[in-house]
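Morning, everyone. Let's walk through one model together. Please have the sequence and the structure open.

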Amino acid sequence: MTTANPLPIQLGAEQKSAPVMIYTTSGISWGEVVVKEHIRVSTWLRTNAAPEVVCLYNARTLVTTTAADTPRPMKFLELHIHTDQILAFHLVPPAHDPVDYDPAEPNKKMEPVALMFGAFRADGVIRMSNLMSLARHVEVTRETFLPVYDAEIFCPSLPSIGLIRTPYVLIRQSTSLFGTKSA
């Protein structure tokens with residue numbers, strides 16, 4: 001789901017572009033973002049450098065609120081999405097950043113979770129204290145975007161979109177349903 005078109009803008013000396021996917025209540029969009037060279041794009045929305053509006057270049061948008069079995073993406077040279085409308089955000093696979101935690105850190109566990117946001121579902125794991133349950137973690141965590149690792153994302157109402165596998169996705173906590181997968 002990447003674009004082969006050149007960016008419609010010139011990158012500055014300390015800028016880079018990266019392919020990302022953004023999920024909103026109306027669907028999924030993908031394209032290139034431009035950020036400062038030192039920014040880790042996968043965690044960008046969790047930082048003080050997060051913008052109020054994300055600009056996607058060479059963007060495609062697939063509306064998931066349509067009745068069509070195989071909707072076609074709409075194309076945009078630029079697409080501006082207010083950050084408060086973003087339900088989930090990740091790099092377009094196979095692009096990825098190194099993990100953002102120490103795997104040897106004591107007293108932490110990876111807890112399986114199923115999340116529903118908009119028309120999408122993500123099955124993955126979240127990193128939390130060994131002493132917490134999923135219910136307690138959701139209750140006390142105050143981050144706007146929760147990191148979910150080894151995620152499989154799909155749209156139950158539009159299976160033709162397929163399965164998207166990503167090692168890291170940020171999901172807005174306040175607009176998500178959290179569940180444990182049933183056997």
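Let's start with Asn58, which sits in strand β3. Helices (H or I, at least four residues) and strands (E, at least two) are DSSP runs, numbered from the N terminus. A word on the source: this is a predicted model, where local features need pLDDT of at least 70, side-chain atom pairs count only at pLDDT 80 or more, and totals for chains, interfaces and linings use all residues. Residues are numbered from 1 along each chain as its sequence is written, and side-chain values use heavy atoms, with hydrogens and water left out.

Back to Asn58. Is it buried or exposed? Asn58 is buried, because its relative accessible area is 4%. The cut-offs: buried means under 20% relative accessible area, exposed means over 50%, and partly exposed lies in between, with a 1.4 Å probe and protein chains only. The Asn58 side chain reaches the backbone oxygen of Pro6 at 3.0 Å. That is a polar contact, meaning a pair of N or O atoms within 3.5 Å; within protein, one must be able to donate a hydrogen and the other to accept it, and residues adjacent in sequence count only if both atoms are side-chain atoms.

Next, Ser29, in strand β2. Ser29 has 5% relative accessibility, so it counts as buried. Its side chain makes a polar contact with the side chain of Thr61, at 2.9 Å. Setting aside residues up to four places away in sequence, Ser29 touches Val20, Met21, Ile22, Leu56, Arg60, Thr61, Leu79 and Ile81. Contact here means heavy atoms within 4.5 Å. Ser29 and Ala59 are 30 residues apart along the chain, and their C-alpha atoms are separated by 6.7 Å.

Ser29 and Thr61 both come back in the next topic, the lining of the largest pocket. Terms first. On a 1 Å grid over the protein atoms alone, a cavity is a set of points where a 1.4 Å probe fits but cannot get out; a pocket is an open set with protein on both sides within 12 Å along at least five of seven lines; lining residues have an atom within 4 Å of a point. Grid points are joined across faces, edges and corners, and a volume is the space filled by probe spheres set on the points.

The largest pocket has a volume of about 160 Å³. Its lining includes Thr24, Thr25, Ser26, Gly27, Ile28 and Ser29. Thr61, Val63, Leu79, His80, Ile81 and Gln85 line it too. Which strands each supply at least two lining residues? They are β2 (27-36), β3 (53-63) and β4 (74-82). By class, the lining has four nonpolar, eight polar and no charged residues. Ala, Val, Leu, Ile, Met, Phe, Trp, Tyr, Cys and Pro count as nonpolar, Asp, Glu, Lys and Arg as charged, and the others, Gly among them, as polar.

Now the cavity. The structure holds one cavity of 30 Å³ or more. Ser42, Leu91, Ala95, His96, Asp97, Thr166, Pro167 and Tyr168 line the largest cavity. Strand β9 gives the largest share of that lining, three residues.

On to aromatics. Rings of Phe, Tyr and Trp (its six-membered ring) pair if their centres lie within 6.5 Å; planes under 30 degrees apart count as stacked, over 60 as edge-to-face and the rest as tilted. How many aromatic pairs does that rule give? The count comes to six. Take Trp44 and Phe89: the ring centres are 6.2 Å apart and the planes at 55°, so this pair is tilted. Trp44 lies in the loop between β2 and β3, Phe89 in strand β5 (residues 88-91), 45 residues apart. Trp44 is buried, because its relative accessible area is 8%. Phe89, at 0% relative accessibility, counts as buried.

The second example is Tyr149 with Tyr168. Their ring centres are 5.3 Å apart and the planes at 70°, so the pair is edge-to-face. Tyr149 is in strand β8 (residues 145-154) and Tyr168 in strand β9 (residues 164-172), 19 residues apart. Tyr23, Phe117 and Phe120 form one aromatic cluster.

Last stop: Thr83, in the loop between β4 and β5. At 12% relative accessibility, Thr83 counts as buried. Its side chain reaches the backbone oxygen of Pro51 at 2.6 Å. That's the tour.
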